[in-house]
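Me: I would like to go through some labels used for this structure and see what each one rests on. Please set each value against its definition.

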Amino acid sequence: MLKLNRVHHIAIICSDYQKSKHFYSEILGLKIVREVYREARQSYKLDLEVGDRYQIELFSFPHPAPRPSHPEAAGLRHLAFEVDNLDEAVLHLQELGVEVEPIRVDELTGKCFTFFADPDGLPLELYEG
């Protein structure tokens, strides 16, 4: 049987690299591990660290195709981040101008969660641990 240890990384293609770099590193506070420009692909690759566990790869490519629909497109539905205090996290995002949906309660776990979006409309979730 295949033994998967953990998620190694999540790759995101953005349409405006500088705007997305600012969003993920400054607004969400993810640590920049490495940034490279790949001349052959005319593309930046930014490696971001999330709580010493997972890594997000942020890519820029010339003229990426738009997401087909929001939020129920085929493929990745959303990316969820665990937080200790959801109210504080929501307030932080709102103070930085990020629109956040009303907090809801997961009917299966009783935990609180909410959604917001990155600069390209990628659905992101905050889930209280």
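Me: Which elements do the buried residues of helix 2 pack against?

Reply: They pack against helix 1 (17-27), strand 5 (79-83), strand 7 (112-117) and strand 8 (123-128). Contact here means heavy atoms within 4.5 Å. Helices (H or I, at least four residues) and strands (E, at least two) are DSSP runs, numbered from the N terminus. This is a predicted model, in which local features need pLDDT of at least 70 and side-chain atom pairs count only at pLDDT 80 or more, while totals for chains, interfaces and linings use all residues. Residues are numbered from 1 along each chain as its sequence is written, and side-chain values use heavy atoms, with hydrogens and water left out.

Me: What makes the buried residues of helix 2 line one face?

Reply: The buried residues of helix 2 (residues 86-95) are Leu86, Ala89, Val90 and Leu93. Seen down the helix axis, they fall within an arc of 100°, so they line one face of helix 2. The arc is taken from the directions from the helix axis to the C-beta atoms. In general, an α-helix has 3.6 residues a turn, so residues three or four places apart point the same way. On the other side of helix 2, Asp87, Glu88 and Glu95 are exposed.

Me: Why is Thr114 called buried?

Reply: Buried means under 20% relative accessible area, exposed over 50%, and partly exposed in between (1.4 Å probe, protein chains only). Thr114 has 0% relative accessibility, so Thr114 counts as buried. Thr114 is found in strand 7, and the residues it touches include Leu86 and Val90, leaving out residues up to four places away in sequence.

Me: Why does Lys19 count as partly exposed?

Reply: Lys19, which lies in helix 1, has 49% relative accessibility and therefore counts as partly exposed.

Me: What lies 2.5 Å from a polar atom of the side chain of Thr114?

Reply: The backbone oxygen of Glu101 does. A polar contact is a pair of N or O atoms within 3.5 Å; within protein, one must be able to donate a hydrogen and the other to accept it, and residues adjacent in sequence count only if both atoms are side-chain atoms. At the start of helix 2, a side-chain oxygen of Asn85 reaches to within 3.1 Å of the backbone nitrogen of Asp87.

Me: What follows helix 2?

Reply: Gly97 follows helix 2, with a positive phi near 85°.
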